[in-house]
Amino acid sequence: MADQIKVTGMVIVSSPIGENDKRIVLLTKEKGKISAFVRGARRPGNHLMAASDSFAFGTFYLVQGKDSYTLINADISNYFRELTEDINKTYTAYYFLELAEYYAVENEESYKMLKLLYVALRALVNGKIDIRLVRYVYELKILVINGEYPEFSVCRNCGSSEALTVFSMFSDGVLCKDCERTVKDGISLNPSTLYALQYVVYADFKDLYTFTVTEEVLAELKMVMARCIHNYIDRRMNSLDILDVLEQNI
């Protein structure tokens, strides 16, 4: 029998295969993105039925075959079932999974991305912070983890850290008051918006969801992150269209 491996991770994709099986994609701390088959997972009473659902987080035991992994056991510590109780939370959470699947790399340690995904889902479950803010923080931090994000600390034109007033996607960051007229796509930023962006870039994962913002700041964060996602990600997430419609009703 092939050697068994143990990984810590979360199911980020779960798809039916045939009559009784599933194919899952795990985001794991040790090996990044892993695809695995789960034999009999759709058969009532199967011990891996719940463990092969999206959002299941815990320890997974797999064996590697010639072409793929097979899941043989799992110890699940959190199923995040509370997310299904609110449609806005559900689609926000699926959007998070899609972004994680987009960025995750096979056989490359993914501790930071897994940690971000976990704390973001916990923030959704806790419900203490506006769902929109949870989303914008997640979007920016996943860009930061992957090393491609705008400069929010100094002016992209002159290098000053003072009087930063606008965000420009064309300039890939913020500009100061003296340089703001050099771009045509500038978004004026409230100082609190700029602070929030800077905070998310540098904050530890445990501190990401410890603040709230005003509606004005939320609106500016929405504009900034919409441009960032459009610029840095070359694929439209399936859940995003539904999420954007739902967000209009929040």
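Modeller: What follows sets the labels against the values behind them.

Modeller: Keep in mind that this is a predicted model.

Colleague: How do you know that the length of helix H4 fits a helix?

Modeller: H4 covers residues 191-202, which is twelve residues. At 1.5 Å a residue they should span 16 Å. The end C-alpha atoms are 17 Å apart, which agrees.

Colleague: Which residues of H4 are buried?

Modeller: They are Thr193, Leu194, Ala196, Leu197, Val200 and Val201.

Colleague: What makes them one face of the helix?

Modeller: Seen down the axis of H4, the buried residues fall within an arc of 160°, so they line one face. An α-helix has 3.6 residues a turn, so residues three or four places apart point the same way. On the other side of H4, Pro191, Tyr195 and Tyr202 are exposed.

Colleague: What do the buried residues of H4 pack against?

Modeller: Their partners are helix H3 (131-145), strand E6 (164-168), strand E7 (173-176) and helix H5 (215-232).

Colleague: Why is Asn190 called a cap of H4?

Modeller: A side-chain oxygen of Asn190 lies 2.7 Å from the backbone nitrogen of Ser192. The cut-off for a polar contact is 3.5 Å. The cap sits at the N-terminal end of H4.

Colleague: Why are E7 and E8 called edge strands?

Modeller: Three strands form an open sheet in the order E7-E6-E8, with antiparallel pairing. E7 and E8 (187-188) each pair on one side only, and they are the edge strands.

Colleague: How do you know that E6 and E8 pair?

Modeller: Pairing needs at least two bridges. E6 and E8 have two bridges, in the antiparallel sense. In one of the bridges, Val166 is partnered by Ser188 in E8.

Colleague: What makes E1 and E4 a pair?

Modeller: Seven bridges join E1 (residues 4-17) to E4, and the two run antiparallel. At least two would be needed. Gly9 has Gly58 as its bridge partner in E4, and Lys6 stands opposite Tyr61 in E4.

Colleague: How many bridges link E1 and E2?

Modeller: E1 pairs with E2 (residues 21-28) over eight bridges, in the antiparallel sense. Val11 is partnered there by Leu26 in E2. Three residues lie between the strands of this hairpin, and Gly18 takes a positive phi near 65°.

Colleague: What joins E4 to E5?

Modeller: Eight bridges do, and the strands run antiparallel. They form a hairpin with four residues between them. Gln64 has Tyr69 as its bridge partner in E5.

Colleague: Why is E4 called mostly covered?

Modeller: Six of the eight residues of E4 are buried.

Colleague: How is Asn78 classed, buried or exposed?

Modeller: Asn78 has a relative accessible area of 13%. The limit for buried is under 20%. Asn78 is therefore buried. Its place is in strand E5 (residues 69-78). A polar atom of the Asn78 side chain lies 2.8 Å from the backbone nitrogen of Phe80. Beyond four places in sequence, Asn78 is in contact with Phe55, Ala56, Phe57, Tyr118 and Arg122.

Colleague: How many disulfides does the structure hold?

Modeller: It holds zero disulfides. For Cys158, the nearest cysteine sulfur is that of Cys176, 3.7 Å away. A disulfide needs the two sulfur atoms within 2.5 Å. Cys158 is in no disulfide.

Colleague: What rules out a bond from Cys176 to Cys179?

Modeller: The sulfur of Cys176 is 3.6 Å from that of Cys179, its closest cysteine sulfur. With a cut-off of 2.5 Å, that is too far for a bond.

Methods:
Residues numbered from 1 in each chain as written. Predicted model: local features only at pLDDT ≥ 70, side-chain atom pairs only at ≥ 80, totals over all residues. Heavy atoms only, no water. Expected span 1.5 Å × (residues − 1). Buried < 20%, exposed > 50% of the residue type's maximum accessible area, 1.4 Å probe, protein only. Arc of directions from axis to C-beta. Contact = heavy atoms within 4.5 Å. Polar contact = N/O pair within 3.5 Å; in protein donor to acceptor, adjacent residues only side chain to side chain.
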